[in-house]
Amino acid sequence: MNDEPVDVLIIGAGASGAAIAWSLADTRMRIVCLEQGEVMNPLNYPSTRRDGEARNQNDFSISPNQRKSAADYPIAEDDSPIKVANFNGVGGGTVLYAGHFPRFHPSDFKVKSLDGVADDWPIDYSDLATHYAENDRMMGVAGLNGDPAYPSDNAERMPPLPLGKSGEALAKGFNKLGWHWWPSDTAIATQPYDGRDKCINLGACITGCAQGAKASTDITYWPHALRAGVELRTQCRVREITVDDAGMATGAAYVDPDGVEQFQAAHVVVMACNGVGTPRILLNSKSDAFPDGLANSSGLVGKNLMFHPYASIQGIFEEELDGYKGPHKIFRSQEFYETDPDRDFVRGYTFEIQRGQGPVQTALTGLQRDKIPWGAGHHAAYRKLFNRIAGMVAVCEDLPEEHNRVTLDPVLKDSDGIPAPKISYTLSENSRKMMDHAIVKASEVLRAAGAVDILTQAPISYGGWHLMGTARMGTDPARSVVNEWGRSHDVKNLFVVDGSVFVTSAGVNPTRTIQALALYVAEQMKQRLANLFD
Amino acid sequence: MNTTETNFTDAQVQCLAALVEMIIPASEDYGVPGAGDGIIFADILSTTAPQHEAVAAALSALNAVAEATGGQNFATISAAGGDGENIAASFRDQHPKAAELLATITVQCYYRDDRVMRALNMEVRPPFPDGFTVDQGDWTLLDPVRNRPELYRKTE
């Protein structure tokens, strides 16, 4: 037991927890972060070994249900066509993300006003602009200024990732059709940056970057936060957030690395456990004052789960492309991003254009899609695919619906006996139409680029990388969980800074916005320190 | 009788060896061994160990299909030059998840073999620490996009 309260207790050391820990450290408050996973050792990442490709389906799988490490909690997801992808460790999901790092558009904060669906955010792009820039400095962003799909941000970017043979072939296809494309903003160092070395094209971004070029928060924010005095406790799994009779959070009950129950008292608690982990802990934090879970007077904790349904569209080319060499992402297209009344869906999507696959994944793709037979024809068929696949995924905006939700599974528990989350999710008609549109358009551009065959999958089942909306932000306590600066409406010393607070999902990867939001919340807290709980 | 390293019976080992060689046979044309090659198969056997139960169940399913079709187990039919390919096809139809498990392990081990990597013109090493070279490509391709008007919606 530790009854001596810390000033700020952060739960989760991933994208948002790292950012807010670093930002609050300059207040000289005593800050402790509890993380259920461990500090990562890049020398153990799959790209350092010959069996690396096999490990992305085992100990470095994106699915916690496949990975089953000591840090993971199981997720009941039979009632969802999209399965959760996450990582539990210092750095969180940034350890395994691809580093595709777009900002939201101004229109993404005004969905209701512009398109009459979902809700507007209580903040807008201009509220986050300086925090996007601050986060960019901490993470390091490669790209190119001048994208006509975004307002000018004058950000300092490192040179973009190489186009390579794959990017060149696909760019020609986009140009033939006169469609937008632009080198992706990526959280990957293309030159030495803040003590990290530059990308050497390992082709292994999504299983951890052994080179340290990809900006995962264990090697970006955390070294700075630790030097500034933040205490990080790993292998500590939070069971619940406790409250006093006045309905204020008092700290967290957690299980330490030895399996011993502990308690850490705190004046302020910050949830940073992603869109599934945060509602799980809040729903597990039941008390007389909060019988339906903490901060849940609206009944919206866990509801409005958004994923980003992904469609995968890959072309098979006759000429050899980059294959397994190089970062996965090359450029993006937002030709179909904004709502077009001539289409049969609202909102839109981003195409993330990507390179090919390693030798094992090429074989698996061929076997699963009946492009490679068992037996004598194996080798000839394999060589028609190896180093000849390139294409894209469509990141489709997912609109909030209350029936898509995280609850607690009545039976499933983690290794510490804590009830596990259950996902209930159905694809909306709007999402289906958006993915259908993306498949048609991507096939068109791949053919224009010279693809001789096309492989599609929609949705990508193990594609629930983006976990959003389950503790949404808003000004109305009856329609939101936290206010416009991240504080719980119900519990005035409880904050949420991860993707749970998203009101809508936009059609882009959320990490850059999650981190900008965490820095924005930190700034709001610092401005209000004298009357934070009023 | 069990093999000491894997806990598979000899019959199970023979069945698995026959199947993996059938999935990826040796090829003189491409200068590559089959997946039943001694070094590759040893890798397959050690890789299957953590999934012993699932692999054993998959092999039982394969043998059940073989016995229903040809009256003998899969290894015996294959060794005798029998209709192993059709049996394997029926196995894939009737037990797709079991077939996928065995095929996945096979390709995971096959495509990290030195000889196979060399035949694919790959360097025989992990990606780190040397990395790879990727050409910058032709950035003038971006010129038409640079000249496009703004395509985002303004909100004010």
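Predicted model: local features only at pLDDT ≥ 70, side-chain atom pairs only at ≥ 80, totals over all residues.
Residues are numbered from 1 along each chain as its sequence is written, chains are lettered from A in the order in which they are written, and side-chain values use heavy atoms, with hydrogens and water left out.

**Where chain A meets chain B**

- Counting heavy atoms within 4.5 Å as contact, 66 residues of chain A touch 54 residues of chain B.
- The two chains bury about 5200 Å² between them, and carbon and sulfur atoms give 66% of this; buried area here is the accessible area (1.4 Å probe) that two parts lose on being put together, summed over both.
- Arg50(A), Trp374(A) and His379(A) supply 18% of the area that chain A buries against chain B, more than any other three residues.
- Between the chains, 21 residue pairs (both at pLDDT 80 or more) are in polar contact, meaning a pair of N or O atoms within 3.5 Å, where within protein one must be able to donate a hydrogen and the other to accept it, and residues adjacent in sequence count only if both atoms are side-chain atoms.
- On chain A, the side that touches chain B takes at least two residues from each of H4 (111–115), H6 (164–177), S4 (182–183), H9 (359–368) and H10 (378–385); helices (H or I, at least four residues) and strands (E, at least two) are DSSP runs, numbered from the N terminus.
- H9(A) gives the largest share of that side, six residues.
- Four salt bridges cross the interface of chain A and chain B, where a salt bridge is a side-chain nitrogen of Lys or Arg within 4 Å of a carboxyl oxygen of Asp or Glu.
- Glu338(A) and Arg153(B) meet in a salt bridge at 3.3 Å, N to O.

**Salt bridges within the chains**

- Over all chains, the structure holds 40 salt bridges.
- Asp79(A) pairs with Lys422(A), with the closest N and O atoms 2.8 Å apart.
- This pair links strand S3 (residues 76–79) to strand S14 (residues 419–424) of chain A, 343 residues apart.
- Asp79(A) is partly exposed at 43% relative accessibility, and Lys422(A) is partly exposed at 22%; buried means under 20% relative accessible area, exposed over 50%, and partly exposed in between (1.4 Å probe, protein chains only).
- Arg347(A) and Glu397(A) form a salt bridge, their closest N and O atoms being 2.9 Å apart.
- Arg347(A) is buried, with a relative accessible area of 1%, and Glu397(A) is also buried, at 1%.
- In chain B, Arg115(B) pairs with Asp37(B), the closest N and O atoms being 2.6 Å apart.
- Arg115(B) lies in helix H7 (residues 114–119) and Asp37(B) in the loop between H1 (10–23) and H2 (38–48) of chain B, so the pair ties together parts 78 residues apart in sequence.

**Helix H8 of chain A**

- Ten of the eleven residues of H8(A) (residues 274–284) are buried, so the helix is largely enclosed by the rest of the structure.
- Asn274(A) caps the N-terminal end of H8(A), with a side-chain oxygen 2.7 Å from the backbone nitrogen of Val276(A).

**Cysteines**

- The count of disulfides over all chains is zero, a disulfide being a pair of cysteine sulfur atoms within 2.5 Å.
- The sulfur of Cys205(A) is 6.4 Å from the closest cysteine sulfur, in Cys199(A), which is too far for a bond.
- Cys205(A) counts as buried at 9% relative accessibility, as does Cys396(A) at 0%.
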